[in-house]
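Please open the model in your viewer and keep a selection panel at hand. The tour below goes from one selection to the next and says what can be found at each stop.

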Amino acid sequence: MRADVQHVADGTYLVHGSNTNWVILTEGDSATLVDTGYPGDREQLLTSLAEVGSSPEAVTAVLITHAHNDHLGSAEYLRASYGMPVYLHEAEVPHARREFLHQVSVGTVLWNGWRPGVLPWAVHAIRSGGTVPVPVASPESFPAAGPLDLPGRPVPVHTPGHTDGHAAFHLPDSGVVISGDALVSGHPTSRTKGPQLLPDMFHHQRARAVASLDVLEGLAGDLLLPGHGPAHRGPVREAALQALERAL
Ligand SMILES: [Zn+2]
Ligand SMILES: [Zn+2]
């Protein structure tokens with residue numbers, strides 16, 4: 001199966017999995033992988049690395065925006081099989097270990113089942129491993145403040161609300177912001193196209209998610225790579241403002 005890989009900037013690839021996106025940052029023979037899709041996206045994940053001329057062996061580290069199953073799906077598989085570290089914000093580390101789970105429950109999804117797109121999304125989520133346990137045995141917090149010494153030199157930016165330890169990643173040199181689920185450009189359960197917050201039921205603390213849009217608004221960049229929806233070109237500042245207006 002071919003993966004839907006887009007070359008969006010120098011050494012930067014956005015991959016659309018079955019519903020969730022991940023990003024591959026390449027530098028010479030090495031790569032950084034940001035997020036890993038659902039457990040059921042594994043074949044596409046491995047194919048996408050091959051399509052950009054990389055491989056799991058060449059991945060220096062896996063960065064995770066947040067520990068929901070649709071982003072964490074293959075993190076433990078990669079760590080256990082290839083030995084690279086899995087890094088998250090320190091507040092997200094216990095979430096990745098599954099000491100707790102701040103993810104929308106099946107009951108809440110069913111309660112929202114009358115909303116357009118919710119039931120088909122839920123069926124896909126369950127089929128893709130959205131409810132199976134995928135703990136990471138030894139997740140690590142970011143090794144330093146500021147730019148990480150990894151391909152792409154990503155700078156973690158704490159953007160809590162969707163989860164407590166959600167992080168976006170800023171690539172200041174190329175003007176790219178990898179926003180995870182703190183700011184998306186579409187979702188099967190939303191009729192809105194363009195920059196927006198995910199529907200309310202998906203956020204652990206929606207008010208904090210709204211406040212984190214201010215943080216994203218302050219990042220210089222003109223290419224937004226969200227966890228869901230297409231790449232969004234244009235000032236990241238305006239994208240964050242648009243999402244804020246839609247959220248109020
Ligand atoms: Zn999420
Ligand atoms: Zn997600």
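By class, the lining of the largest pocket comprises 13 nonpolar, ten polar and two charged residues, where Ala, Val, Leu, Ile, Met, Phe, Trp, Tyr, Cys and Pro count as nonpolar, Asp, Glu, Lys and Arg as charged, and the others, Gly among them, as polar. This is a predicted model, in which local features need pLDDT of at least 70 and side-chain atom pairs count only at pLDDT 80 or more, while totals for chains, interfaces and linings use all residues. Residues are numbered from 1 along each chain as its sequence is written, chains are lettered from A and ligands numbered from 1 in the order in which they are written, and side-chain values use heavy atoms, with hydrogens and water left out.

To centre the view on this pocket, select Gln 103, Val 104, Trp 121, Ala 125 and Phe 202, which among its 25 lining residues lie nearest the centre. Its volume is about 340 Å³. On a 1 Å grid over the protein atoms alone, a pocket is an open set of points with protein on both sides within 12 Å along at least five of seven lines, a cavity is a set where a 1.4 Å probe fits but cannot get out, and lining residues have an atom within 4 Å of a point. Grid points are joined across faces, edges and corners, and a volume is the space filled by probe spheres set on the points. Next, colour H2, helix H5 (106-111) and helix H6 (118-127), each of which supplies at least two residues of the pocket lining; the largest share, six residues, comes from H6. Helices (H or I, at least four residues) and strands (E, at least two) are DSSP runs, numbered from the N terminus.

Now move to the metals, beginning with the zinc ion (ligand 1). Its donors are His 66 (NE2), His 68 (ND1), His 162 (NE2) and Asp 181 (OD), at 2.1 to 2.3 Å, a donor being an N, O or S atom within 2.8 Å of the metal (3.2 Å for Na, K and Ca), and since water is not among the atoms, sites may look incomplete. Along the sequence these donor residues are spaced H-x1-H-x93-H-x18-D. His 66 and His 68 are both buried, where buried means under 20% relative accessible area, exposed over 50%, and partly exposed in between (1.4 Å probe, protein chains only).

Which residue bridges the zinc ion (ligand 1) and the zinc ion (ligand 2)? Asp 181 does, and the two ions lie 3.4 Å apart. For the zinc ion (ligand 2), select Asp 70 (OD), His 71 (NE2), Asp 181 (OD) and His 228 (NE2), the protein donors at 2.1 to 2.3 Å. The chain spacing of these donors is D-H-x109-D-x46-H. Of these, His 71 in helix H2 (residues 69-72) and Asp 181 in the loop between E10 and helix H7 (206-217) link distant parts of the chain, 110 residues apart. His 71 is buried at a relative accessible area of 0%, and Asp 181 also counts as buried, at 3%.

Comparing the angles, the four donor atoms of the zinc ion (ligand 1) span 91 to 172°, and those of the zinc ion (ligand 2) span 90 to 159°. Both sites are irregular; four donors count as tetrahedral if all angles lie between 85 and 135 degrees, four count as square planar and six as octahedral if opposite donors are over 155 degrees apart and all others between 65 and 115, and anything else is irregular.

For the cavity, select Asn 21, Trp 22, Val 23, Val 34, Asp 35, Thr 65, Ile 178, Gly 180, Leu 225, Pro 226 and Gly 227, which line the largest cavity. Strand E3 (21-27), strand E10 (176-180) and strand E11 (223-226) are the elements giving two or more residues to this lining, and E3 provides the largest share, three residues. The volume of this cavity is about 40 Å³.

Finally, show the sheets. An open sheet of seven strands runs in the order E1-E2-E3-E4-E5-E6-E7, with mixed pairing, two strands being paired if DSSP finds at least two bridges between them. E1 and strand E7 (140-141) stand at the edges with a single partner strand each, so one side of each is left without a neighbour in the sheet. A second stop is the open sheet of five strands, E8-E9-E10-E11-E12, whose pairing is mixed.
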